[in-house]
Amino acid sequence: MRRLLVTGGAGFIGSNFVHHALEHTDVHVTVLDRLTYAASPEALHALPGDRFDLVVGDIADEQLVGDLVGRLIGPGDAVVHFAAESHNDNSLHDPSPFIQTNIVGTFALLEAVRRHDVRLHHVSTDEVYGDLELDDPQRFTEHTPYRPSSPYSASKAAADHLVRAWVRSFGVRATLSNCSNNYGPWQHVEKFIPRQITNVLAGGRVKLYGSGENVRDWIHAEDHSSAVWTILEKGQVGATYLIGADGERSNLDVVRLILELMGHDPGDFDHVVDRAGHDLRYAIDPTRLRTELGWTPSHGSFEEGLARTIQWYAAHRDWWEPKKAGTEAAYAAKGQ
């Protein structure tokens, strides 16, 4: 593999993957990104110019996507598809960008890789499976039925189905992955963990949705990146792999841990209005990825990864501070 096209590579998870690919391999990476509010072009500034370039454009632009795939990506190369609208709260306010980017954009990319017979890896989310009861001993597997509960997760579910249909109907060489909740550097301050960290750094109060009983399965973005690369190298075409690091924590536990790691009273937070349709629990069973492909996470514990993430946000105030006031104003308008 000599070249990669990474869609959404200026976003939080995509940019972490770009860094991983350039640091651990000798591939050349082209990023296609629309540079919306959630993008972080700053995350790409220090990358080697001889092995990296950025194309600003829309994944739903079929002509642009087809040109890039046909011109840059050869038979032995690959496209990694991260581009997506991903914030649940935004999807509840206005679902239309989620339909356009996540469904129409995936269709445009599928048609491009079909025409040029290019390998594709499609990145999805565990939210397509809906949620689990808090006391359910089961976890999501590759065979769990889809039960999306928000416009965001429904749009990602639709994209997953499109990929599988193009594999079966047209022989597209694609793999899929569904990952649990990510955290780490360059995540927008609207998201749960960076919002709480930056609230404390800015001298404000930590905010907790509802009772805080909702459980998420956390994985560091670096581990997500290494898992995607493992699937690219070893994954079976047409297969789905679930990516997780056994990181189940309630939102209440995460808030308390952030406060503790930052030297504050673990009970020093405010309860706010719960999110509409807030899923109860996500939990990933990554057995197939670990046993068939031999992948393991490198971050030994959630506590260690979270401490490093706090340090990163403390050192990058110039990046997140300009985004903070507008984000908090939007939450305050919703009582959150």
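Mentor: Start with Val56, which lies in strand β3 (residues 52-56); helices (H or I, at least four residues) and strands (E, at least two) are DSSP runs, numbered from the N terminus. This is a predicted model, in which local features need pLDDT of at least 70, side-chain atom pairs count only at pLDDT 80 or more, and totals for chains, interfaces and linings use all residues. Residues are numbered from 1 along each chain as its sequence is written, and side-chain values use heavy atoms, with hydrogens and water left out.

Trainee: Is Val56 buried or exposed?

Mentor: Buried means under 20% relative accessible area, exposed over 50%, and partly exposed in between (1.4 Å probe, protein chains only). Val56 has a relative accessible area of 52% and is therefore exposed.

Trainee: Which residues form a nonpolar patch on the surface?

Mentor: Patches are made of residues with over 30% relative accessible area and no salt bridge; like charges are joined within 9 Å, nonpolar side chains (Val, Leu, Ile, Met, Phe, Trp, Tyr) within 5 Å. Here the patch consists of Leu35, Leu54 and Val56, with about 220 Å² of accessible area together. Accessible areas come from the Shrake-Rupley method with a 1.4 Å probe, and for residues only the protein chains shown count as cover.

Trainee: How many salt bridges does the count come to?

Mentor: A salt bridge is a side-chain nitrogen of Lys or Arg within 4 Å of a carboxyl oxygen of Asp or Glu. By this rule the count is 21.

Trainee: Which residue forms a salt bridge with Arg195?

Mentor: The partner is Glu328, with the closest N and O atoms 3.0 Å apart. Arg195 lies in helix α6 (residues 192-201) and Glu328 in helix α11 (residues 317-333), so this pair ties together parts that are 133 residues apart in sequence. Arg195 has 3% relative accessibility and so counts as buried.

Trainee: Where do Arg205 and Asp270 lie?

Mentor: Their side chains meet in a salt bridge at 2.7 Å, N to O. Arg205 is in the loop between α6 and β8 (206-209), Asp270 in strand β12 (residues 269-272), so the pair ties together parts 65 residues apart in sequence. Arg205 counts as partly exposed because its relative accessibility is 36%; Asp270, at 25%, also counts as partly exposed.

Trainee: Which residues do salt bridges that share partners join into one network?

Mentor: That network consists of Arg139, Asp246, Asp285 and Arg290.
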